[in-house]
Amino acid sequence: GVSVFAMIFELLRRYEEQRKQLLSLSEDLNFAANHDPLTRLYNRRYLVNQVNEWICKPEKSFWIVLMDVDDFKAVNDTYGHDAGDEVLKAVAELFMDKMKTYGRVCRWGGEEFLFVFYGRNGDAAYDVLQEIYDEIHRLTVSYENEEIRITMTFGLEEYDKNDGMEMAIRRADEKLYQGKETGRDKIVY
């Protein structure tokens with residue numbers, strides 16, 4: 001028959017296989033809990049939790065940027081919602097690439113995104129935003145033989161620990177709205 005050692009070895013092999021499967025499933029669930037499924041950017045909940053950790057480090061300042069795609073409804077109406085999704089994915093990829101050394105970016109909702117520049121002053125954050133703004137102007141999204149070009153509007157605001165995160169986001173949103181009301185396609189600082 002089968003030796004005791006062979007049985008133990010087989011049990012250990014199965015245990016290790018199941019352990020690896022559980023670990024992989026846990027990583028998948030963690031990714032799903034913290035990321036937007038379309039763009040693969042962090043989601044709103046993750047970024048708010050991240051900022052709450054940073055708030056505990058008073059020596060570091062950070063800046064909040066709220067932005068969105070100008071006339072996104074027109075993209076969806078003209079090219080379809082799948083094309084709109086492709087635009088959001090292309091923008092997200094650009095954001096991930098540009099922001100990896102400066103802070104975090106998340107999909108805030110719909111065509112709206114939030115950046116958090118950690119440990120940077122406003123001028124440094126603005127300079128990075130200007131680079132992103134320029135990249136957006138060069139961005140062309142190809143979809144079913146169509147070339148889609150977009151613009152974005154940005155509202156940049158400093159986080160003030162006395163006012164809190166909600167107020168910083170509200171002020172960034174006011175700047176974004178101001179940019180939309182005065183012609184779009186700009187950074188309001």
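In which sense do strands S2 and S4 pair, and over how many bridges? The legends below take up this question and then move on to the neighbouring views.

This is a predicted model, in which local features need pLDDT of at least 70, side-chain atom pairs count only at pLDDT 80 or more, and totals for chains, interfaces and linings use all residues. Residues are numbered from 1 along each chain as its sequence is written, and side-chain values use heavy atoms, with hydrogens and water left out.

**View A. Strands S2 and S4 pair in the antiparallel sense.** S2 (residues 62-69) and S4 are joined over 7 bridges; strands are DSSP runs of E with at least two residues, numbered from the N terminus, and two of them pair if DSSP finds at least two bridges between them. Look for tryptophan 63, whose bridge partner in S4 is phenylalanine 117.

**View B. Strand S3 meets S4 in a hairpin.** S3 (residues 103-109) pairs with S4 in the antiparallel sense over 6 bridges, and valine 105 stands opposite phenylalanine 115. Between the strands are 2 residues, and glycine 110 takes a positive phi near 55°. Of the 7 residues of S4 (112-118), 5 are buried, meaning under 20% relative accessible area (1.4 Å probe, protein chains only).

**View C. Aspartate 36 sits in the loop between helix H1 (4-34) and strand S1 (42-43).** Helices are DSSP runs of H or I with at least four residues. Aspartate 36 is buried, with a relative accessible area of 13%. Its side chain joins that of arginine 107 through a polar contact of 3.1 Å (a pair of N or O atoms within 3.5 Å; within protein, one must be able to donate a hydrogen and the other to accept it, and residues adjacent in sequence count only if both atoms are side-chain atoms).

Key
Buried means under 20% relative accessible area, exposed over 50%, partly exposed in between (1.4 Å probe, protein chains only).
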